[in-house]
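Take a look at the sequence and the model first.

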Amino acid sequence: MSQKTILTGLQANSTFHIGNYVGAILPMINAQKNLGADDMFLMFVPDLHSFTLPINHANFYQQILDNVKIYLAAGINPGLSNTLLYRQSFVPAHSELAWILSCFSYMGEMGRMTQYKDKSEKHDNISVGLFTYPILMAADILLYGAQYIPLGDDQKQHIEIARDIAIRMNNKFELQAPNGLFTLPKPWKEQLDFMGVSEGIRIRSLSNPEKKMSKSTIDPKGTILLSDTPQDAAKKIMSAQTDTIGEIHWDWENQPGVTNLLQLYYLFGIETREEAINYWTGKTRYGDLKKEVADKIETFLIDMQAKTRVIQDKEVETILINGELQANLISKKTLNRVQKVLGLRR
Ligand code: ADP
Ligand code: TRP
């Protein structure tokens with residue numbers, strides 16, 4: 001098997017919710033378990049991405065540390081070889097490459113990003129940063145030659161654009177991977193295969209299952225934060241919106257609320273998706289399904305919160321500083337290569 005680089009980051013604008021956990025953190029934990037000796041495993045905090053929409057800067061530094069505590073409490077092992085945890089803003093090559101990539105990216109392609117369209121509709125005074133967000137994300141990925149980027153379904157277009165930009169620049173400078181300018185991130189289908197799923201993971205809001213659960217939207221009843229008390233979380237599940245069909249089926253089209261609960265049931269349990277679907281299909285008591293999901297999530301939160309509480313800020317900072325030292329070395333190499341082909345360096 002050839003060497004793999006696996007990388008992801010979760011925007012640090014607020015506390016995480018269970019969608020962030022199953023969409024991005026859980027696939028990373030699984031990936032780390034299967035890591036080969038030559039593979040690289042990179043998990044970072046995209047802290048510069050966080051101001052693309054307004055945030056509370058007063059507690060931002062602590063927020064970042066708290067987010068990394070979640071990575072660790074969830075089971076990411078910072079001590080494994082070839083594993084780095086770092087903050088984007090501590091590795092200046094990210095911003096430098098982002099500027100360069102922005103000069104090889106088009107207004108039209110950025111304007112087509114659905115996340116940009118969604119978020120810009122919901123807010124006034126949209127920043128240029130929100131528009132160019134995918135370019136910084138492409139830099140995050142291309143600097144390390146990451147092929148696999150575990151992410152939720154909402155980020156599909158961003159992976160594709162990173163791949164498009166890399167292909168465009170490899171072609172322009174007539175340099176192809178592996179010895180060329182950029183290693184290409186794998187296409188979306190291969191990303192799904194890597195995560196072991198047949199469709200991208202998208203947890204829906206409990207109060208409005210047409211929409212995804214999101215920390216960027218104010219929807220306290222629909223969102224289970226990892227910091228919610230286990231009792232509150234259970235209550236939110238028990239009052240999740242379902243439908244009047246009266247029978248459980250895996251059917252996103254007609255029963256998104258019920259299907260969302262089924263999805264949570266297997267993601268937070270030990271059964272596979274197929275086993276969960278087989279067991280619940282045709283049953284009529286939505287309350288039973290809710291109760292089972294509520295119990296699983298309650299247990300999960302109790303455990304996660306206990307593990308998070310005992311991790312100290314200092315411990316996290318030490319891990320990050322060590323990761324940043326190495327991330328700077330790796331990313332500088334890629335940046336140098338790019339600077340050379342651009343004619344900025346000899
Ligand atoms: P949010 O919409 O909550 O602000 P982010 O854009 O910060 O989420 O996403 C952080 C990570 O969590 C990304 O990998 C994203 O794909 C994943 N993610 C976000 N929401 C969900 C969801 N509802 N279901 C699955 N994954 C999600
Ligand atoms: N866009 C991701 C999110 O919304 C965060 C992110 C930034 C990211 N750069 C990345 C994820 C690079 C994976 C790879 O959470």
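The notes below cover the ground rules, the ligand site and one aspartate.

## Ground rules

This is a predicted model, in which local features need pLDDT of at least 70 and side-chain atom pairs count only at pLDDT 80 or more, while totals for chains, interfaces and linings use all residues. Residues are numbered from 1 along each chain as its sequence is written, chains are lettered from A and ligands numbered from 1 in the order in which they are written, and side-chain values use heavy atoms, with hydrogens and water left out.

## Around ligand 1

Among the 20 residues around ligand 1, the nearest are His-17, Asp-154, Lys-212, Lys-215 and Ser-216 (a residue is near if one of its heavy atoms lies within 4 Å of the molecule). Helix 1 gives the largest share of this shell, with four residues (helices are DSSP runs of H or I, at least four residues; strands are runs of E, at least two).

Which side chain has an N or O atom 2.6 Å from an oxygen atom of ligand 1? That is Lys-212. A nitrogen atom of ligand 1 lies 2.8 Å from a backbone N or O atom of Ile-203, and a backbone N or O atom of Met-213 is 2.9 Å from a nitrogen atom of the ligand. Taken alone, ligand 1 exposes 530 Å², of which the protein buries 98% (Shrake-Rupley areas, 1.4 Å probe).

## A look at Asp-39

Asp-39 sits in the loop between helix 1 (18-33) and strand 2 (40-45). Asp-39 counts as buried because its relative accessibility is 3% (buried means under 20% relative accessible area, with a 1.4 Å probe and protein chains only; exposed is over 50%, and partly exposed is in between).

The side chain of Asp-39 reaches the backbone nitrogen of Lys-4 at 2.8 Å. Leaving aside neighbours within four places in sequence, Asp-39 is in contact (heavy atoms within 4.5 Å) with Ser-2, Gln-3, Lys-4 and Asn-82.

Key. A polar contact is a pair of N or O atoms within 3.5 Å; within protein, one must be able to donate a hydrogen and the other to accept it, and residues adjacent in sequence count only if both atoms are side-chain atoms.
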